[in-house]
Each structure stands twice: as structure tokens, then as C-alpha cells.
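This briefing is meant for someone meeting the structure for the first time. It starts from a single residue and then widens to the sheet, the helices and the core.

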Amino acid sequence: MPRKRRANSQERLKTDNSLRTERKKLDDALEGDRTAATDAADGVIDEARAVADDVLTAARVKADDESLRGPRPAEAGAIVGERAKADRVVLGERASADVALSTDRKDRVDALEALLVHERAATDAYLLTERARSDDAVAHRDDFLGMVAHDLRNLLNNVVLTLELLRQTGSGEEPAQAATATSRIRRYVARMNRLIGDLVDVTSIDAGKLAVAPVKGDAATLVTEATETFQPAAVEQGVSLSAEVPAGSLLAEFDQGRLLQVFANLIANALKFTPSGGKITVRVEKGRGILRFSINDTGVGIPATMLETIFERFWQVGVDDRRGQGLGLYISKCIVEAHGGRIWAESEPGKGTRLHFTLPVSSSRRRDSPPSGDAARAKSRVALRGKGRPDRRR
């Protein structure tokens with residue numbers, strides 16, 4: 001067993017033993033309190049009955065002294081008989097009261113024990129569920145860190161290899177070949193930066209601190225910029241990439257860097273699953289109180305059962321799919337929700353995929369200036385948590 005798992009198992013064993021010990025202490029304390037309460041209640045009842053008996057005896061003696069001086073034997077016998085009958089009735093009533101009290105006490109004890117058993121069973125079930133979730137989260141975290149380390153190592157090796165080739169060729173390297181090698185190194189470094197950035201973003205999301213700083217900007221210009229950024233990659237892959245934006249400006253408040261990150265994730269995802277000769281269209285349109293963005297591709301499509309899970313952490317098309325770490329769509333969802341929007345997918349296998357997200361826009365009547373600097377960051381800091389099971393698609 002690995003050292004980490006063995007340590008975790010030992011800690012859980014300590015927790016279980018501690019829980020059992022505390023429950024035993026609680027049971028003993030409850031039993032002691034219950035016995036003490038019962039004894040105290042019985043003492044009060046016995047004392048009350050003794051007082052009642054003393055009062056009755058004194059009253060009878062007084063009555064005898066005042067009214068029965070020198071009675072005839074027959075009358076005295078009748079009085080004694082009536083008193084004996086009354087005493088038997090009192091004893092019967094007391095016996096019935098004792099039985100009822102004992103039954104009530106037993107019912108209360110049984111109900112309390114049943115409630116305690118139920119509460120403990122619920123606690124145990126909750127503890128097991130939390131442990132299973134913790135195990136799952138740790139397993140996925142370890143898998144993710146392993147994948148990131150593997151990819152970073154490969155990228156670093158590629159950078160070192162390319163630099164070594166450049167060093168060996170020296171000044172005799174053709175300018176075109178040198179430019180190609182330099183461009184390759186830039187791509188490797190950009191990929192490493194993206195992996196590190198994704199790791200930082202996921203850490204921030206898990207900590208509930210994904211910050212966005214919205215400022216007023218033109219969403220149409222944002223779409224055009226994002227599309228132009230991916231034009232070289234689309235041309236290299238043989239995919240048509242175009243933007244469709246309405247005439248004029250589409251003003252809204254958003255964090256430009258964060259939304260460019262969303263577009264980068266969504267367009268890159270579309271490129272991964274669109275074959276050569278396919279088409280990707282990026283659109284933006286204004287709705288009632290929102291801007292709606294769409295990235296439509298003619299790729300392989302997604303089954304209907306997976307349309308929700310693609311936005312979860314570490315989700316990928318297949319177990320052996322190594323096209324990314326499965327974080328891009330998850331991070332995009334968190335960024336969109338931090339802006340107050342929502343994101344979803346529409347698709348049919350073989351008929352492409354349409355990824356949509358919305359951005360709320362303020363009423364045109366508002367004249368408030370957009371926040372900036374620390375105030376904007378404080379206003380837009382949104383607490384987000386990863387939910388659901390981890391996903392595997394970027």
C-alpha cells in the first residue's frame with residue numbers, strides 16, 4: 001500500500017476509534033443521567049405519597065376524637081370497613097399509576113434510543129459518503145497532477161531538443177528553418193504556460209476565489225479578436241474559421257482577459273473535434289438583457305447524455321484521449337458564471353456541436369461609470385466550487 005494511502009487509512013482508523021469511544025462515553029452518561037432522573041422522580045413520588053398518608057392518618061385520628069367518642073361497636077366496625085375499602089382503592093390507583101409511569105418511561109427510553117440509533121446511522125452514512133468523495137477527489141487530483149507533470153516534462157524535453165538542434169546547426173542554419181524552430185519553441189512554452197494557468201485557475205475555483213474585473217467594452221471587437229487569434233491554427237488544420245458579428249458596437253461590462261480565455265478554450269475545443277475541411281463559426285447577438293455568444297462547428301458531435309458532463313472537470317471523450325487535461329470547458333463555465341451568465345451545449349453525433357454562453361448587459365438608461373481597479377475586483381470576486389464528478393474534456 002502506498003505510504004500516503006497507508007497514512008490516510010491509519011488516520012481514519014483513529015477517527016473511527018475516537019468516534020466509538022465518544023459514543024460509549026455518551027451512552028454511559030445518558031444511562032447515568034436517566035437512572036439519576038428516575039431515582040429522583042421516584043423519591044419525589046414516594047415523599048408525596050408519604051405526606052398524603054400522614055395527612056390522611058392525622059385527619060382520621062382527629063375525626064375519631066371528635067365524632068366517634070364512645071360509638072357503638074357496630075358503627076365503629078362500619079367506619080373501619082369503609083376506611084379499609086378506601087385504602088384498597090387508593091392502593092389500586094397508586095399501583096395503576098406506577099404501571100402507567102413505568103410504561104411511559106420505557107416508551108420514552110425506547111424512543112430516545114431509536115432516535116439515537118437513527119442519528120448515528122445517518123452520521124455514519126454521511127461520513128462514508130464524505131470519505132468516498134474525498135477519495136475520489138484525491139484520486140482525480142493525483143491523476144490530474146500526473147497528467148500535467150507528464151505533459152510539462154514532454155514539452156520541456158521538446159524545447160531542450162529543439163534548442164540542441166539549433167545549437168548544433170549554429171550559424172549555418174537556414175533562416176526559414178530557424179524561424180520554424182523558434183516558432184515551435186514558442187508554442188511549447190505557450191502550452192506550458194497554459195497548463196500552469198489552468199492549474200492556478202482550478203486552485204482558485206476550489207478555494208472559492210475566482211476573480212473577474214469587469215470593465216465596459218465592445219463584445220463585437222472581442223469576438224473578432226478571438227477569431228483572428230486562432231486563424232493560423234485553423235488554416236494549418238484546414239478548417240474554415242469565421243466570425244459573424246452585427247454592425248455597430250455591442251457594449252457590455254466584462255473582463256476581457258477572462259472572456260478571451262473562454263473563447264480560446266471553446267474555439268480550441270472545436271478545432272480538436274472538427275476534421276479538415278470542416279467549418280467553425282463564432283457568433284454574437286444581442287437579446288433581451290443579454291449578449292449571446294455561439295461557437296458552432298461541423299465536427300463529430302457529442303451524445304445527448306454527455307452534454308452536461310462536458311463542463312465538469314477532467315472529462316474527456318475517451319479514457320485514452322490525451323488531447324488536453326479536460327479543464328478548459330470547466331474553467332470556461334466558472335468564468336461565465338462569475339460574470340453572471342450561463343453556458344451550455346447543443347449537439348448531435350455526426351452533426352457538429354454548438355456551444356453557447358450568455359453575458360448580462362446593463363440597461364441603456366444606466367449612466368453609472370464602470371468600476372475599476374481594486375473596487376472592480378472586490379465587486380466581481382465570485383466564490384465558485386467545483387461540483388459533481390470530475391470531467392475529462394478541455
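T353 is buried, because its relative accessible area is 4% and the cut-off for a buried residue is under 20%. The model in which this is seen is a predicted one, and the place of T353 within it is in strand 8. The protein chain as a whole has 394 residues, of which 30% count as buried, and it contains eight helices and nine strands.

**Around T353**

- Leaving aside neighbours within four places in sequence, T353 is in contact with I295, N296, D297, G301, I302, E346 and S347.
- One of these contacts, I302, lies 51 residues away from T353 along the chain, yet the C-alpha atoms of the two residues are separated by 6.8 Å.
- In the protein chain, among contacts with a separation of 6 or more, 79% are between residues 24 or more positions apart.

**Strand 6 and its two partners**

- Strand 6 (residues 290-297) runs antiparallel to strand 8 (residues 353-360), and eight bridges join the two.
- Within this pairing, L291 has L359 of strand 8 as its bridge partner, while R292 stands opposite T358, also in strand 8.
- Strand 6 also runs antiparallel to strand 5, to which it is joined by seven bridges, with V284 standing opposite F293 of strand 6.
- Strand 5 and strand 6 form a hairpin with three residues between them, and in its turn G289 has a positive phi of about 80 degrees.
- Six of the eight residues of strand 6 are buried, so this strand is largely enclosed by the rest of the structure.

- Strand 7 pairs with strand 8 in the antiparallel sense over five bridges, and the bridge partner of I343 in strand 8 is F357.

**Helices**

- Two packed helices are described by the angle between their axes and the distance between the axes.
- For helix 6 (residues 256-272) and helix 7 (residues 328-338), the packing angle is about 145 degrees and the axes are 9 Å apart, and the crossing of this pair is left-handed.
- Helix 6 brings R258, Q261, V262, N265, L266 and N269 to this contact, whereas helix 7 brings G328, L329, I331, S332, I335 and V336; by class, the contact has six nonpolar, five polar and one charged residues.
- Helix 7 is mostly covered, with nine of its 11 residues buried, and among the buried residues are Y330, C334 and A338.
- Just after helix 7 comes G340, which takes a positive phi of about 90 degrees.

**Nonpolar cores**

- The largest nonpolar core has 48 residues, and those that touch the most other members are F263, L266, I267, L291, F293, I295 and F357.
- Helix 6 supplies the largest share of this core, eight residues.
- Which residues does F293 contact, leaving aside its neighbours within four places in sequence? They are A219, V223, F263, R283, V284, L355, H356, F357 and L359.
- Another core, of six residues, lies apart from the largest one, and its members include L155, V159, I185 and Y188.

Definitions and conventions: Residues numbered from 1 in each chain as written. Predicted model: local features only at pLDDT ≥ 70, side-chain atom pairs only at ≥ 80, totals over all residues. Heavy atoms only, no water. Axes fitted to C-alpha atoms, helices over the stretch in contact; angles between N-to-C directions. Helix = DSSP H or I, 4+ residues; strand = E, 2+ residues; numbered from the N terminus. Left-handed = near helix turned anticlockwise from the far one by under 90°. Contact = heavy atoms within 4.5 Å. Nonpolar A, V, L, I, M, F, W, Y, C, P; charged D, E, K, R; others polar. Pairing = 2+ DSSP bridges. Buried < 20%, exposed > 50% of the residue type's maximum accessible area, 1.4 Å probe, protein only. Core = buried A, V, L, I, M, F, W, Y, C linked by side-chain atoms within 4.5 Å.
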